[in-house]
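I'd like to walk you through one model, so let me put it up on the screen.

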Amino acid sequence: MLSYIIEGGKKLEGEVHISGSKNASLPIIAATMLNKGISKLYNVPEIHDTKMMFEILKKLGCTVKKNNKKIIIDSSKAEGYKIPEELMRQMRSSVVLAGAILGRHKKAEFSYPGGCDIGARPIDLHLKSFEKLGILISENYGNISCKCDTIDNAKIDLDFPSVGATENIMLASTLGEGTTIITNAAREPEIIDLQNFLNRMGAQISGAGTNIIQIKGVKKLKDVSYNIMPDRIEAGTYLCAGAITGGKIKITNIVSEHLTPIINKLEEAGCSLNVQKDNIELIAPKRVKAVDLKTMPYPGFPTDMQSVFVSLLTTAKGTSIVVENIFENRYKFVPELSRMGAKITVEGKAAIIKGVRKIHAANVKATDLRGGAALVLEALVAKGETKIENIQYILRGYEKLDDKLKKLGAKISIKEGE
Ligand code: UD1
């Protein structure tokens with residue numbers, strides 16, 4: 001069991017290099033299954049979730065090698081089509097492998113995915129979309145078998161712009177027959193990154209970034225070299241860490257356009273930001289102002305930044321209202337923040353945060369990836385030494401969080417054992 005020990009009260013100052021995007025890497029790693037050849041990936045973050053994805057690929061017959069900052073995946077002999085249940089359980093995003101495996105083998109077997117407990121997270125939209133593509137689905141005690149002779153073309157109107165379902169349709173249809181059109185598609189930048197990767201591989205996809213995506217099936221793909229986009233959620237987390245500590249930080253290797261809703265809220269909270277195309281400098285006030293926000297699909301405020309923002313607002317001047325519209329169970333970290341002196345009331349989708357002047361250290365437990373990051377931010381301003389247990393959740397999505405925070409002047413270490 002690993003814990004972070006953080007002594008709060010240090011203003012963060014300096015520069016932090018943002019890693020490659022977790023949520024772009026996972027579907028792109030899955031997509032390498034589509035080509036019977038070599039994919040070279042750059043800027044893949046070294047985090048638990050990408051390691052798990054590589055483990056699954058290896059089980060399916062791929063070889064995965066690391067050469068400096070480059071990951072080389074050879075999927076020429078990837079004959080496997082069953083995603084091992086124990087690995088699927090550990091990571092919800094492994095569900096995008098289903099689309100890639102189906103695209104390649106026209107059959108796939110997997111179970112219901114696991115991952116962070118932030119809500120029911122069904123996969124009905126994925127399965128309904130597969131059926132529209134002519135795939136037969138049978139379910140047996142939570143195990144799902146899919147098969148078809150060909151991936152048909154279809155017009156798929158998603159009930160909700162699900163990121164994972166949009167990606168799964170793109171992956172399954174890349175080698176399909178005719179042209180598939182997705183309407184009410186998710187518009188997240190990670191979908192554009194997946195489109196760019198697939199097209200570099202020889203796919204014919206257009207429209208990613210808008211709510212209509214067209215996938216014209218191709219017969220064959222080719223070897224590819226690709227640089228993963230920067231992680232906009234990691235970037236937002238460091239901006240908030242700078243803001244909560246009253247610090248002055250610069251984040252580099254980013255696409256600032258992806259951060260617009262986060263930048264807007266930080267400015268509203270009284271931070272001063274110098275926004276360039278690929279870097280942002282933030283100067284925080286002594287104490288931020290209360291702001292209201294609601295999470296929405298992109299280009300709205302990202303649900304993955306909700307918990308970190310709640311943490312920031314616990315020390316704001318005034319009362320903030322945050323509304324979570326994407327996941328119904330995304331306030332599990334709130335009781336942990338309350339143990340540190342935060343004043344938060346949750347009523348259904350809304351969290352009402354009454355800003356306080358002082359936060360104190362406590363022993364707390366991470367409950368999920370982003371909720372865990374919220375505890376780290378709170379610990380950075382708390383008086384005294386905070387112990388955060390269950391940091392395996394945080395390690396799923398943040399590369400070298402302790403090293404990066406140390407470089408910014410934080411006092412943080414990792415402790416093993418109880
Ligand atoms: C992805 C991100 C996650 C982010 C989320 C929303 C990855 C690896 N993960 O997750 O970090 O928080 O987008 O931006 O990219 N839903 C259904 N049925 C389905 C699929 C989804 O009801 O078949 C619901 C979900 O329960 C949720 C909402 O749709 O309420 C959004 O989910 P979705 O966009 O699919 O999120 P993920 O792709 O799982």
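I'll talk about charged pairs, then aromatic rings, then strands.

A word on the ground rules. This is a predicted model, where local features need pLDDT of at least 70 and side-chain atom pairs count only at pLDDT 80 or more, while totals for chains, interfaces and linings use all residues. Residues are numbered from 1 along each chain as its sequence is written, and side-chain values use heavy atoms, with hydrogens and water left out.

Let's begin with charges. Side chains of opposite charge can pair when their charged atoms come close. For a salt bridge, I ask for a side-chain nitrogen of Lys or Arg within 4 Å of a carboxyl oxygen of Asp or Glu. How many salt bridges does the structure hold? The count is 15.

One of them joins Glu46 and Lys66, with 3.1 Å from N to O. Glu46 sits in the loop between strand S3 (38-42) and helix H2 (48-59), and Lys66 belongs to strand S4 (residues 63-67), so this pair ties together parts that are 20 residues apart in sequence. Helices (H or I, at least four residues) and strands (E, at least two) are DSSP runs here, numbered from the N terminus. On accessibility, I call a residue buried under 20% relative accessible area, exposed over 50%, and partly exposed in between, using a 1.4 Å probe and protein chains only. Glu46, at 42% relative accessibility, is partly exposed, and Lys66, at 52%, is exposed.

Now to Arg396 and Asp49, a salt bridge whose closest N and O atoms are 2.8 Å apart. Arg396 is in the loop between helix H13 (392-395) and helix H14 (401-407), whereas Asp49 is in helix H2, so the pair ties together parts that are 347 residues apart in sequence. Are these two residues, Arg396 and Asp49, buried or exposed? Both are buried.

There is also a network of salt bridges, which links Glu7, Lys10 and Lys411.

On to the rings. For Phe, Tyr and Trp (its six-membered ring), a pair needs centres within 6.5 Å; planes under 30 degrees apart count as stacked, over 60 as edge-to-face, and the rest as tilted. The structure holds two aromatic pairs. In one, Phe197 and Tyr226 are edge-to-face, at 5.6 Å centre to centre and with 80 degrees between the planes. Phe197 lies in helix H7 (residues 189-200) and Tyr226 in strand S13 (residues 224-227), so parts that are 29 residues apart in sequence are tied together. Both of these residues, Phe197 and Tyr226, are buried. Phe301 and Phe309 have ring centres 5.1 Å apart and planes at 85 degrees, so this pair is edge-to-face. Phe301 and Phe309 are both buried as well.

Finally, the strands. I count two strands as paired if DSSP finds at least two bridges between them. Four strands make an open sheet in the order S9-S10-S12-S11, with mixed pairing. Its edge strands, each pairing on one side only, are S9 (155-157) and S11 (204-206). S11 and strand S12 (residues 212-216) run antiparallel and are joined by three bridges, and Ile205 has Ile215 in S12 as its bridge partner.

Elsewhere, strand S22 (residues 385-389) has four of its five residues buried, so it is largely enclosed by the rest of the structure. Strand S1 (residues 2-7) runs antiparallel to S22, with four bridges between them, and here is Glu7 again, whose bridge partner in S22 is Glu385. Strand S21 (residues 363-365) pairs with S22 in the parallel sense over three bridges, with Val364 opposite Ile388.

Glu389 also lies in S22 and is buried at 17% relative accessibility. The side chain of Glu389 meets that of Lys387 in a salt bridge at 3.9 Å, N to O; Lys387 is buried too, at 14%. Glu389 and Ile5 are 384 residues apart in sequence, with 8.9 Å between their C-alpha atoms.
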